[in-house]
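This report is written for a reader meeting the structure for the first time.

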Amino acid sequence: MIDFEIIRSYIPLYTEALFLTVKIGWLGILAALVIGLSGAAIRHFNISILDKLVLIYVEVFRNTPLLVQLFFIYFALPKIGIKMSAEKCGILGLGLIGGAYMIETIRSGLESVAAIQSESALSLGMTKRQTFVYIILPQAFTISFPGIIANVIFLLKETSVFSTISLMDLMFTAKDLIGMYAKTVECLSLLVIFYLIMLLPVSIIGSALERRIRHAEFGN
Amino acid sequence: MNELIKVDHLHKSYDQNTVLRDINLTINKGEVVVIIGPSGCGKSTFLRCLNGLETIDSGHIEVCGHEVNTTSKEIYKIRQKVGMVFQSYDLFPHKTVIENIILAPLKVQKRNRADAEKEAIELLAKVGLSDKKDYYPRQLSGGQKQRVAIVRALIMHPDVLLFDEVTAALDPEMVHEVLQTMLELAKNGSTMLIVTHEMAFARAVADRIVFFDKGDIVEETGDVKAFFDAPKTERAKNFLKTFTYD
């Protein structure tokens with residue numbers, strides 16, 4: 001039988017964990033977006049050596065698990081003198097893997113904007129920078145938007161590995177409570193519900209935003 | 001200064017493939033020059049060289065007394081003097097008609113919004129599109145889009161307008177409205193360089209005809225009527241023959 005009294009008593013703990021997860025998650029995603037945009041711009045403009053570095057970065061971080069990256073940041077970096085709090089490690093880890101995904105998503109959007117678009121902007125006397133900011137980027141963003149939202153949802157779910165570096169996120173809280181009181185069904189049900197509370201609004205708001213953003217170019 | 005564009009010994013090739021061979025051409029203020037020739041003869045590439053969208057291998061291009069050099073900052077100034085309209089509908093799809101038109105005046109020329117909008121609306125009225133100013137490009141027909149593209153070029157007050165096969169992608173009934181707009185511009189004294197396959201239009205609008213073939217200027221004449229009735233060169237004869245059916 002499911003013990004609802006237990007569930008009720010666990011809710012404050014889960015809520016606290018939710019706030020921490022959301023905080024670290026969104027800070028990591030913000031970092032990922034900044035990295036993604038800069039990296040995609042570097043690749044788009046083909047900036048000599050930087051371009052190669054971005055390419056290597058993307059391949060390294062896309063092709064290793066977040067868990068491994070996080071262990072590296074949390075356990076290996078301190079050995080060579082780089083120490084950070086668990087929270088900062090989480091944000092950095094999420095930002096780095098997310099950045100790699102965002103670069104690819106934004107870059108594919110940039111590449112799908114037809115060359116004639118920048119040629120017409122240039123022929124009006126706009127500089128390369130103006131062309132990028134006012135013409136290419138807005139169109140690329142529209143195209144990349146569903147991919148960006150998919151990345152955001154993926155990254156928020158990936159926060160579950162933070163529990164391994166003893167960050168008290170949702171996953172950690174659930175495992176901890178199961179370890180202490182063995183109320184497995186209650187704890188895991190609450191865990192599912194709290195992940196849905198965190199992620200469903202993102203999906204719903206994401207779809208609504210997508211419709212709005214696409215309106216100019218594609219209608220309803 | 002009567003010469004707006006001066007091209008000297010222009011040469012361009014892609015790898016082994018020569019697209020423009022020793023081109024010499026001068027366009028004077030107020031002149032309408034029409035370039036015709038078979039597909040792939042270098043007409044469009046030539047036009048794109050004039051505002052630095054393509055680099056050249058050797059020779060010189062001067063626009064309004066400035067050397068066209070794609071690596072110098074000057075190129076942005078030159079492009080403001082040279083308006084260009086392309087074959088494909090190249091409006092910015094994420095911006096409304098009026099935003100398409102005033103973007104460059106605001107960002108490039110730093111004009112104030114009210115002033116730019118006022119002029120945009122006047123120009124739209126001239127091409128019969130005042131009611132479309134808040135439409136998105138997807139809501140317009142091909143002919144309407146091209147007329148907006150022309151307005152977008154005009155609002156920069158260019159010294160010369162380049163038209164690169166602007167009616168080639170249009171349905172026949174739309175071609176007329178676009179050509180009519182261009183004819184008006186010609187009548188008002190605009191300097192224009194037009195690449196087109198519309199021979200009747202070329203005949204009506206041109207002060208001078210330049211016939212390109214395989215990267216060369218084969219024939220160039222101010223006697224437009226004579227060119228169409230009895231071209232001097234064999235190559236022009238054969239080209240013009242492809243437009244008649246008997």
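Two strands are said to pair when DSSP finds at least two bridges between them. With that in mind, and remembering that this is a predicted model, one can trace in chain B an open sheet of 4 strands, which follow the order 2-1-4-5 with antiparallel pairing. Strand 2 (17–28) and strand 5 (66–67) of chain B each have a single partner strand and stand at the edges, so one side of each is left without a neighbour in the sheet.

**Pairings in chain B**

| Strands of chain B | Sense | Bridges |
|---|---|---|
| strand 1 and strand 2 | antiparallel | 8 bridges |
| strand 1 and strand 4 | antiparallel | 5 bridges |
| strand 4 and strand 5 | antiparallel | 2 bridges |
| strand 3 and strand 9 | parallel | 4 bridges |
| strand 9 and strand 10 | antiparallel | 5 bridges |

Individual bridges can be followed from strand to strand: B:I5 has B:I27 in strand 2 as its bridge partner, while B:V7 is partnered by B:I61 in strand 4. Strand 4 and strand 5 of chain B form a hairpin in which 2 residues lie between the strands, and B:C64 in the turn has a positive phi of about 50°.

**Strand 9 of chain B**

Is strand 9 of chain B, residues 208–213, mostly covered or mostly uncovered? It is mostly covered, since 6 of its 6 residues are buried, a residue being counted as buried if 20 or more other C-beta atoms lie within 10 Å of its own. The covering extends to both faces of strand 9, with B:R208, B:V210 and B:F212 buried on one side and B:I209, B:F211 and B:D213 buried on the other.

Strand 3 of chain B, residues 32–36, runs parallel to strand 9, and B:I35 has B:V210 as its bridge partner there. Strand 10 of chain B, residues 216–221, pairs with strand 9 in the antiparallel sense, and B:I209 stands opposite B:T221 in strand 10. The hairpin of strand 9 and strand 10 has 2 residues between the strands, and in it B:K214 takes a positive phi near 45°.

Chain A has 8 helices and 0 strands. Its C-alpha trace spans about 70 × 50 × 20 Å along its principal axes, and buried residues make up 34% of its 220 residues. Of the contacts in chain A with a separation of 6 or more, 79% are accounted for by residues 24 or more positions apart.

The contact between the chains takes 19 residues from chain A and 19 residues from chain B. On the side of chain A that touches chain B, helix 5 (115–123), helix 6 (128–158) and helix 8 (184–218) each supply at least two residues, and by class this side has 8 nonpolar, 9 polar and 2 charged residues.

Helix 5 of chain A has A:S120, A:A121, A:L122 and A:S123 as its buried residues. These buried residues pack against helix 6 of chain A together with helix 2 (74–81) and strand 6 (82–85) of chain B. Just after helix 5 of chain A, A:G125 takes a positive phi of about 95°.

Definitions and conventions. Residues are numbered from 1 along each chain as its sequence is written. Chains are lettered from A and ligands numbered from 1 in the order in which they are written. This is a predicted model: local features need pLDDT of at least 70, side-chain atom pairs count only at pLDDT 80 or more; totals for chains, interfaces and linings use all residues. Two residues are in contact if their C-beta atoms, placed from the backbone, lie within 7 Å. Ala, Val, Leu, Ile, Met, Phe, Trp, Tyr, Cys and Pro count as nonpolar, Asp, Glu, Lys and Arg as charged, and the others, Gly among them, as polar. A residue is buried if 20 or more other C-beta atoms lie within 10 Å of its own, exposed if 12 or fewer, and partly exposed in between; C-beta atoms are placed from the backbone.
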